[in-house]
Amino acid sequence: MNKKCWISVKDKFPAKSQRVLIRYSKGVILVDMFDSYLKKFPFERLYGKVTHWAVLPKKNDEGWITDQKPKELRKVLVLYGNDHVDISFMTSMDNKFLYENLYRGVKAWMSIPELSSLGEI
């Protein structure tokens with residue numbers, strides 16, 4: 001995943017019921033869906049307007065890391081054992097990703113592009 005994957009909401013909105021990576025104006029990045037009925041993204045009241053969104057990577061896409069875990073505590077995209085992709089982080093207590101047991105383990109992970117790489121924010 002690279003900075004070219006981010007799409008400005010000024011240019012285009014995600015398809016109906018498509019889970020995407022969402023970047024809010026307060027710097028928060030979450031995985032969720034655009035509500036085409038209400039014409040809103042979830043959590044805008046809490047985190048500000050959405051500035052950009054990106055399609056979630058597929059399990060066969062390049063960039064997934066399978067042979068090691070992140071070296072520091074940070075948010076990353078995780079491909080869980082049931083092929084569910086979401087944002088997560090390592091828990092410091094047991095060195096596992098959050099929800100790892102719930103989604104049948106972890107197959108791989110990848111970094112999320114830096115916020116500064118979006119340029120126009």
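**Buried rings, bridges and cores**

Biologist: What is the relative accessible area of tyrosine 80?

Modeller: This is a predicted model, in which local features need pLDDT of at least 70 and side-chain atom pairs count only at pLDDT 80 or more, while totals for chains, interfaces and linings use all residues. Residues are numbered from 1 along each chain as its sequence is written, and side-chain values use heavy atoms, with hydrogens and water left out. Buried means under 20% relative accessible area, exposed over 50% and partly exposed in between, with a 1.4 Å probe and protein chains only. Tyrosine 80 is therefore buried, its relative accessible area being 1%.

Biologist: How are the ring planes of tyrosine 80 and tyrosine 103 classed?

Modeller: Rings of Phe, Tyr and Trp (its six-membered ring) pair if their centres lie within 6.5 Å, and planes under 30 degrees apart count as stacked, over 60 as edge-to-face and the rest as tilted. By this rule the count comes to seven aromatic pairs. In the pair of tyrosine 80 and tyrosine 103, the centres are 4.9 Å apart and the planes stand at 45°, so the pair is tilted.

Biologist: Which residue forms a salt bridge with arginine 19?

Modeller: A salt bridge is a side-chain nitrogen of Lys or Arg within 4 Å of a carboxyl oxygen of Asp or Glu, and the structure holds four of them. Arginine 19 is partly exposed, at a relative accessible area of 30%, and lies in strand β2 (residues 19–24), whereas its partner is in strand β6 (residues 85–88), so the pair ties together parts that are 67 residues apart in sequence. At 3.7 Å from N to O, the partner is aspartate 86.

Biologist: Is glutamate 100 buried or exposed?

Modeller: The side chain of glutamate 100 meets that of lysine 69 in a salt bridge of 3.7 Å, N to O. Lysine 69 is partly exposed, with a relative accessible area of 34%. Glutamate 100, at 12% relative accessibility, counts as buried.

Biologist: What is the phi of aspartate 83?

Modeller: Aspartate 83 is found in the loop between β5 and β6, and its closest N and O atoms with lysine 107 are 2.4 Å apart in a salt bridge. Lys59, Asp83 and Lys107 are linked in a network of such bridges. Most residues other than glycine have a negative phi. Aspartate 83, although not a glycine, has a positive phi of about 70°.

Biologist: Which residues in the largest nonpolar core touch the most other members?

Modeller: A nonpolar core is a set of buried Ala, Val, Leu, Ile, Met, Phe, Trp, Tyr and Cys residues joined through side-chain atoms within 4.5 Å. Of the 14 residues in the largest core, those that touch the most other members are Leu21, Trp64, Leu77, Ile87 and Ile112.

Biologist: Which elements give two or more residues to this core?

Modeller: Contact means heavy atoms within 4.5 Å, and the contacts of isoleucine 112, not counting residues up to four places away in sequence, include Leu21, Leu77 and Ile87. The elements that give two or more residues to the core are β3 (29–33), β5, β6 and β9.

Conventions. Helix = DSSP H or I, 4+ residues; strand = E, 2+ residues; numbered from the N terminus.
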